[in-house]
Amino acid sequence: MIDRYTRPAMGEIWELQNKFSIWKEIEVLACEAQAELGKSGITKEEAQWIRDHADFTVERIDEIEKVTNHDVIAFTTNMAEYIDADIEEGQEPPSRWVHYGMTSSDLGDTALSYQIVQAIDIILEDIAALGETCKRRAFELKDVLCVGRTHGIHAEPMTFGMKFGSWAWALKRAQKRMLEAREVAATGAISGAVGTYSSIDPFVEEYVCERLGLTPDPLSTQVLARDRHAQVMAALAVTASTLESIAMQVRLLQQSDVIEAEEPFTKGQKGSSAMPHKRNPITAERVCGLARVVKANAQVAFDDVALWYERDISHSGAERVALADSFIALDYMFGKMQWMLDGLQVYPAKMEHNLWRTKGLIFSSKVLLALVDTGISREDAYVIVQRNAMKVWEDIQNAVDGPSYRERLEADPDAHLTQEVLDEIFDPWDFLTRVDVVFERLETLEF
């Protein structure tokens, strides 16, 4: 992922320096396990020497790999240079115990699992922070009246706080999915070629995994099965879709014809090089765009599940790009969403204005029920409600300043509704007599 969309903590996880540091720790732990096991010949003193002297540089590994065309061999070669540097000529090199009985995937896959866990932990922090923000703002805007929309058309009244509340619950579901993905990903395998432990004792795997906070895979082949990674990427993609959905709402609310809310527009910001009046929802649009990358990368992970027999490396190059890019992009998206939703500008007066733009049409459902209560059939009531509504729609569509919906009903001889009933029907808060239950549930939400 390009630097523009990389936040430092997440970016560092996917840097080669971090990957090779994890590789080094795995190799050292494996040596310590072998020494404790006491079967391979390595002593505890040699294992300590390896821990004290093991090191690497990314530049040297890259230099060696240009010759070996094998990144693990380049790494172990470079590490051996450090381990054996102070060994007197003629002495047995301690580095001979590094990677003992292991295969490349034992190192690479176990380290990748550790990186994924590191990255998921950051995403979990992101989710919790944004979820708490949405919950807080939901209660701040609990009593701000606005019109609900279905199909983009004005429906019934609601409160703006409900929007933030629904986003908070969506993030709670994202948290649950991510925790499940973390459990699936937190798995290591040090089982040797094709997973038979032919040259390495299972104790080594248990020892290394325990110290890394991983669980040994119960039956790896030569690689960890990529359905694990696919589940992680699916969780990232669904989470990205959730952020996209929220950002899309912000974009819609910021339209000039709606303008009930908008993302922060900071001092000195410019909206357009050609039109100085513009205040564009560029951050929300950027989130929607990056969500496409994360969702598309999930397909890469699904394709990586099917490998030849016990392994091939068709997944390797693809996941090196897709995994890192997805985590980095999603973390960046969370940063932008936190900024946007924490500072989202809301305009209650405009919400109130928009509520009445359709001249009372949004109360049609209440009119329908009230007419049924007078004793006529639902079908006859629907005819009365709709024919008056269509006349109001025609006035709105043609910018005619005609009668309101209530006025048309009052003039309709078939609509036998008293002024008292009409007053109750056309009170927007009458729709919200039970809305407290929504916020009572939200009160219990914890991240």
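**T133 and its partner**

I started with T133 and found a polar contact of 2.7 Å joining its side chain to that of Q338. I take a polar contact to be a pair of N or O atoms within 3.5 Å; within protein, one must be able to donate a hydrogen and the other to accept it, and residues adjacent in sequence count only if both atoms are side-chain atoms. This is a predicted model, so I kept the rules in view: local features need pLDDT of at least 70, side-chain atom pairs count only at pLDDT 80 or more, and totals for chains, interfaces and linings use all residues. Residues are numbered from 1 along each chain as its sequence is written, and side-chain values use heavy atoms, with hydrogens and water left out.

T133 is found in helix α6. For helices I use DSSP runs of H or I with at least four residues, for strands runs of E with at least two, both numbered from the N terminus. Is T133 buried or exposed? T133 has a relative accessible area of 5%, so I noted it as buried. My scale calls a residue buried under 20% relative accessible area, exposed over 50% and partly exposed in between, with a 1.4 Å probe and protein chains only. Not counting residues up to four places away in sequence, T133 touches Q338, L341 and D342; contact means heavy atoms within 4.5 Å.

**S314 in α11**

Next I looked up S314, which lies in helix α11, residues 314–342. The side chains of S314 and D312 are joined by a polar contact of 2.6 Å. Leaving aside neighbours within four places in sequence, I found S314 in contact with D304 and L307. I also checked S314 against L16: they are 298 residues apart in sequence and 21 Å apart in space, C-alpha to C-alpha.

**Cores**

Which residues have the most contacts inside the largest nonpolar core? I wrote down W14, F160 and F327, in a core of 92 residues. A nonpolar core here is a set of buried Ala, Val, Leu, Ile, Met, Phe, Trp, Tyr and Cys residues joined through side-chain atoms within 4.5 Å. The largest share of this core comes from α11, with 13 residues.

**Helix α5**

α5 has 13 residues and reaches 18 Å from its first C-alpha to its last, close to the 18 Å expected. I listed its buried residues as D71, V72, A74, F75, T76, N78, M79, A80 and I83. The buried residues of α5 pack against α2 (16–37), α3, α4, α6 (104–140) and α11.

**Rings**

A search of the whole structure gave me 16 aromatic pairs. Rings of Phe, Tyr and Trp (its six-membered ring) pair if their centres lie within 6.5 Å; planes under 30 degrees apart count as stacked, over 60 as edge-to-face and the rest as tilted.

F56 and F75 form a tilted pair, 6.0 Å centre to centre with 55° between the planes. F56 lies in the loop between α3 (44–53) and α4 (58–68) and F75 in helix α5 (residues 71–83), so the pair ties together parts that are 19 residues apart in sequence. Both F56 and F75 are buried.

F363 and F426 are also a tilted pair, 5.0 Å centre to centre and 50° between the planes. This pair links distant parts of the chain, 63 residues apart. I found F363 buried at 0% relative accessible area, and F426 counts as buried at 9%.

I then looked for charges over rings, meaning NZ of Lys or CZ of Arg within 6 Å of the ring centre and within 35 degrees of the ring normal. K142 lies over the face of F439, 5.5 Å from the ring centre. The charged end of R211 sits over the ring of Y207, 3.5 Å from its centre.

**Positive phi**

Most residues other than glycine have a negative phi. H99 is not a glycine, yet I read a positive phi of about 70°. H99 is found in the loop between α5 and α6, and it counts as buried at 19% relative accessibility. V194, also not a glycine, has a positive phi of about 55°. V194 sits in the loop between β3 (187–188) and α8 (202–212) and counts as partly exposed at 41%.

Notes: Expected span 1.5 Å × (residues − 1).
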